[in-house]
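Subject: Handing over the structure

Hello,

I am passing on the structure we talked about, and below it you will find my notes on what was found. Please keep the structure open while you read, so that each residue can be looked up as it comes.

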Amino acid sequence: MKKLLFSLALGLTTLSTFAGGYRVSLQGQRALAMGHTGVGVVDSAELAFFNPAGLVYLENKLNISGGVTLISSTAKYQNSLTGESAETDNALSTPFNLYASYGVNDWLSVALAVYTPYGSTIDWEKDWAGSDLVNSISLQSVYINPVISVKLDESFSIGGGPIYAIGNVNFDRNLVRAPGGVTNRPNVEVNAEGVDNWGWVVSTMFRPSDKVAIGATYRSKIELNAKNGEVTYTNIDLPETQFNATLPLPAELTFGGSVQVSPKLLLAAEFNRTYWSTYKSLDIDFTNPESTDSRNARNYKNSNIYRIGAQYDLNDKFTLRGGYYYDESPVQSGFYSPETPRNDSQGFTTGFSYNINSHLAIDASFLYLYFSETDESYDSDPNDTVERFSGTYKSNAIIGGLGITYKL
């Protein structure tokens, strides 16, 4: 009994690992098309996410930006020693964003940002060789973030506000390990809904001229505390129980800038530092007295993202964009689990805006995300109750987005 429940606890660590290990930045169609550079770009209401301090520099009094992104991602696993292999279904998800800002006067703007920083799905083949670690997992989250922007003088501003985060997670795994294809294994599914907490964001922007903008944004850590989550067993008779766990979303700092090198061409670059080292372990507490609590090491490391982008005004109707970024994985060797089959990645982006008129534009973006192939293992069980699981992983994602920008 205790061995099975400890195995269950070990599997529940994926609730947080998925949130951290698989993160695709998709918080604005215009910024995404430029390599997701936005902290130093004064262009639209997308600043409500990227750098609230910059909202006060927008020319129009009312600015609205919104969009939906379609993610198509796949992952493949192979163990050359055993010959076992598997791949995920072509999982689809649709994160969204909506930003609206209003210029109160020359020195004050207010805005509301609603976006989904985490929201994707991975679904391995049923009863595959690693199904005791994960069969499927789905994470959905929404951030609601009112912000203000204050101009302190003609070239310097500050901004920020509170973040209300709410999310749901569903996770399914087998309780015992067996060769791929063995059916009717004991299975557990866990579900937590309405997990929420508060955080905050603060930012600055310096504009020495109309052609140069330099900005920095800090977003705080948010801990989502799942309490009394649902646990469902199949093919095994175990007592009813619930679980409590904390799902940390780390703090991050982004700084960068843009330069208008000609009337038609804008260049941007930025650096992001995500403080994953705060995620050292995940503690699982079961409410049933017969269960055993669990402490599971993760030992994530801080990671960086390097981004560059360009925007070119082709004519009055079309604006073209392109970019590139390199995203370091926070997962250290020996802690690689198949619910996050993601290694260091490279993002290649492009997109455009079509101006319907002086008030309304359609924005489109495209991202190809390539993850470096990795040969890794999951061997972080301190009690050696679960045999090490290893293999070679290949992953990629194709992402397209569509949105609108309105200004008045």
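This is a predicted model, in which local features need pLDDT of at least 70 and side-chain atom pairs count only at pLDDT 80 or more, while totals for chains, interfaces and linings use all residues. Residues are numbered from 1 along each chain as its sequence is written, and side-chain values use heavy atoms, with hydrogens and water left out.

Let me begin with strand β19, where Phe352 lies; helices (H or I, at least four residues) and strands (E, at least two) are DSSP runs, numbered from the N terminus. Phe352 has a relative accessible area of 34% and is therefore partly exposed, given that buried means under 20% relative accessible area, exposed over 50%, and partly exposed in between (1.4 Å probe, protein chains only). Phe352 belongs to a nonpolar surface patch of about 820 Å², whose other members include Tyr312, Leu314, Phe318, Tyr354 and Ile404. The elements that contribute two or more residues to this patch are β18 (318–327), β19 (345–355) and β21 (389–407). As for the terms, patches are made of residues with over 30% relative accessible area and no salt bridge, where like charges are joined within 9 Å and nonpolar side chains (Val, Leu, Ile, Met, Phe, Trp, Tyr) within 5 Å. Accessible areas come from the Shrake-Rupley method with a 1.4 Å probe, and for residues only the protein chains shown count as cover.

The next feature is the largest pocket, which has a volume of about 1000 Å³. Of the 38 residues that line this pocket, those closest to its centre are Val42, Asp43, Glu59, Gln260 and Lys407. Several strands give two or more residues to the lining, among them β9 (187–209), β10 (212–219), β13 (252–260), β17 (303–313) and β20 (360–378). Sorted by class, the lining has 11 nonpolar, 14 polar and 13 charged residues; here Ala, Val, Leu, Ile, Met, Phe, Trp, Tyr, Cys and Pro count as nonpolar, Asp, Glu, Lys and Arg as charged, and the others, Gly among them, as polar. A pocket is found on a 1 Å grid over the protein atoms alone, as an open set of points where a 1.4 Å probe fits, with protein on both sides within 12 Å along at least five of seven lines, and lining residues have an atom within 4 Å of a point. Grid points are joined across faces, edges and corners, and the volume is the space filled by probe spheres set on the points.

The structure also holds 8 salt bridges, a salt bridge being a side-chain nitrogen of Lys or Arg within 4 Å of a carboxyl oxygen of Asp or Glu. In one of them, Glu252 pairs with Arg219, and the closest N and O atoms are 3.7 Å apart. This pair links distant parts of the chain, since Glu252 is in strand β13 and Arg219 in strand β10, 33 residues apart. Glu252 counts as buried at 16% relative accessibility, and Arg219 counts as buried at 8%.

A salt bridge also joins the side chains of Lys394 and Glu373 (3.8 Å, N to O). Lys394 lies in strand β21 and Glu373 in strand β20, so this pair ties together parts that are 21 residues apart in sequence. Lys394 is partly exposed, with a relative accessible area of 47%, and Glu373 also counts as partly exposed, at 47%. Elsewhere, salt bridges that share partners join Arg30, Asp43, Arg321 and Asp363 into one network.

His36 has a phi near 60 degrees, a positive value in a residue other than glycine; His36 lies in the loop between α3 (29–33) and α4 (47–50) and is buried, with a relative accessible area of 2%. Asn228 has a phi near 55 degrees, again a positive value in a residue other than glycine, but Asn228 is placed in strand β11 (residues 222–234) and is partly exposed, at 45%.

Best wishes
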